[in-house]
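Colleague: I have the sequence and the model open. Can we go through them together?

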Amino acid sequence: LAEISSDNAQVRALNISHRGASGYVPEHTFLAYELGNSMNGDYIEIDLQMTKDGELIALHDETIDRTTDKKGLVKNLTLKEIKKLDAGSWFNEDYPDKKNTVFTGLQIPTLREVLSRFGSNSKFFIETKSPEVYPGMEEKLIDILNEYNLTGAQPFGNVIVQSFSAESLRKIHQMDDSIPLVQLLSYYAPAVITDQEVRKIKEYAVGVGLHYTAVSPGYIQKVTGSGLMIFPYTVNEKEDMKMLLEWGVSGMFTNYPDRLDEVIQMS
Ligand code: G3P
Ligand code: CA
């Protein structure tokens, strides 16, 4: 497994299974996470939403519309209602070439279930999604990480928390400054970052994440030269992976961790 030492020096680029090995099986299911691990993914990426009754679940969207058999906002549904959903059949309909009957009826996992199942031999790259919609999300996350002994004395980097919301990350940093944080950034054009922006991010985060098409060698040099790590998302083609590795990224998110593993092994 890739290592991050306490001074952030990396042995090699990190392979992050984006929503699990979601290019092959339905995203954010146990199957996706298992497959990501078996394909040599170093981290399982988990997006968090929160149910009406305050349970953190692994789901990308604020609604259940795209990836289940029903419609609605997660914040209006209880965990019991969420657990009744079929989170696999949509994949068979959308990707008939990858169809498998075992996907039918797969459940949306809670964060606790994921940590129970994978906690001792996996690393997690957890995203607080839409934190403005879910007051208290950060507190819940830290409580759960503590429950599973994944903060404090944990080997550095077993859990990394990421968010597009600087406010959410700052909140987490204030509650527990031992958790490495990654600031996700949105760019509509080639990415540019000022010294001041880098300084601000460094107050609470160890790295940044951004869409891989916005990345340039100059941007990577500036960010890594300042001591921040950089994780482009979501990189699915080997040519792009190879180029980004050559440019010196710290790791990347991919729906195809097997492809990234091959590229890393060859580099
Ligand atoms: O977390 C990195 C990347 O996953 C951000 O985009 O929309 O896939 O969560 P999204
Ligand atoms: Ca994400």
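Colleague: Which pocket does the space taken by ligand 1 form?

Modeller: This is a predicted model, where local features need pLDDT of at least 70, side-chain atom pairs count only at pLDDT 80 or more, and totals for chains, interfaces and linings use all residues. Residues are numbered from 1 along each chain, and side-chain values use heavy atoms, without hydrogens and water. A pocket is an open set of points on a 1 Å grid over the protein atoms alone where a 1.4 Å probe fits, with protein on both sides within 12 Å along at least five of seven lines. The space taken by ligand 1 is the largest pocket.

Colleague: How many residues of the shell around ligand 1 are charged?

Modeller: The surrounding residues (a heavy atom within 4 Å) include R19, E45 and K129. Asp, Glu, Lys and Arg count as charged. The shell has 4 nonpolar and 3 polar residues, and the charged ones number 5.

Colleague: How far does a polar side-chain atom of H60 lie from an oxygen atom of ligand 1?

Modeller: Polar contacts are pairs of N or O atoms within 3.5 Å. For E127 the distance to a ligand 1 oxygen is 3.0 Å. For D47 it is 3.4 Å. For H60 it is 2.6 Å.

Colleague: How much of ligand 1 does the protein bury?

Modeller: Areas come from the Shrake-Rupley method with a 1.4 Å probe. Alone, ligand 1 exposes 290 Å². The protein buries 89% of that.

Methods: Chains are lettered from A and ligands numbered from 1 in the order in which they are written. A polar contact is a pair of N or O atoms within 3.5 Å; within protein, one must be able to donate a hydrogen and the other to accept it, and residues adjacent in sequence count only if both atoms are side-chain atoms. On a 1 Å grid over the protein atoms alone, a cavity is a set of points where a 1.4 Å probe fits but cannot get out, and a pocket is an open set with protein on both sides within 12 Å along at least five of seven lines; lining residues have an atom within 4 Å of a point. A molecule sits in a cavity or pocket if more than half of its atoms lie within 2 Å of its grid points.
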